[in-house]
Amino acid sequence: MAIKIDSHTALVVVDIQNDFCPGGALPVADGDKVVPVLNKYIQLFRGASAPIIYSRDWHPPDHSSFKAQGGPWLPHCVQGTEGAKFRSDLLPPAEGEIVSKADRKDEAYSLFRGTDLAHRLSRLRFRLGLRGGIKALFVGGLATDYCVKETVLDGLKLGFQVYYLDDASKGVNVSSDDSQLAVKEMLSKGAKKISLSDLATGPSQPGKK
């Protein structure tokens, strides 16, 4: 049985920003290839009136993850810059769908760290008139071995059923097997690996296939 989506399920689109795509300051190899696939997920979720959250890195110029501050990364996704913008070919977020992370000096790979995402998902229960609220998260984007992985793991810790979108995620792979190890860790903690072909619209049954 295909996994069904509705207003009890939420799509989390992770960091599809210019700096993480080819030509950006910190590109993920083939990072742009996930955009058409994510657009299909977005269309499916919108068609089912299911919530969508777009995350973005939103760093200050002196962010702790930057090499000048002793961190591991080149400057990227600095607030207000072209590199921090969402890819122009990504279906744009509606009002209220954006969550900014790591917008202070401390690093935060997970979308749940230092943001109001958990509270926002809880509020959706009341805004949508749901019994039981959001039960399942569908997470994909950039990068598998960092922000996608950490968001998935935190979602699991908070009690959500979490689906990792294998066909809509790419990894940095500082070491060649980083993404493979990240997927293995997510699955070992209870996440489910799926692709578009596993989805159907209609009343949802989170956790079932």
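Biologist: Which residues does Asp15 touch, not counting residues up to four places away in sequence?

Modeller: This is a predicted model, in which local features need pLDDT of at least 70, side-chain atom pairs count only at pLDDT 80 or more, and totals for chains, interfaces and linings use all residues. Residues are numbered from 1 along each chain as its sequence is written, and side-chain values use heavy atoms, with hydrogens and water left out. Asp15 lies in the loop between β2 (9-14) and α1 (34-47); helices (H or I, at least four residues) and strands (E, at least two) are DSSP runs, numbered from the N terminus. With contact taken as heavy atoms within 4.5 Å, Asp15 touches Phe20, Ser55, Arg56, Asp57, Lys101, Leu142 and Cys147.

Biologist: Is Asp15 buried or exposed?

Modeller: Buried means under 20% relative accessible area, exposed over 50%, and partly exposed in between (1.4 Å probe, protein chains only). The relative accessible area of Asp15 is 0%, so this residue is buried.

Biologist: Which side chain does a polar contact join to that of Asp15?

Modeller: A polar contact is a pair of N or O atoms within 3.5 Å; within protein, one must be able to donate a hydrogen and the other to accept it, and residues adjacent in sequence count only if both atoms are side-chain atoms. At 2.7 Å, the partner of Asp15 is Lys101.

Biologist: How far from Arg56 is the nearest side chain of opposite charge?

Modeller: Arg56, in strand β3 (residues 52-57), makes a side-chain polar contact of 2.7 Å with Ser100. Lys and Arg count as positive and Asp and Glu as negative, while His and the chain ends are not counted. A salt bridge requires a side-chain nitrogen of Lys or Arg within 4 Å of a carboxyl oxygen of Asp or Glu. Arg56 is buried yet has no salt bridge, and the nearest side chain of opposite charge, Asp103, lies at 7.9 Å.

Biologist: Which residue of β5 stands opposite Val12?

Modeller: Strands pair if DSSP finds at least two bridges between them. β2 and β5 pair in the parallel sense over six bridges, and six of the six residues of β5 are buried. Opposite Val12 stands Val139.
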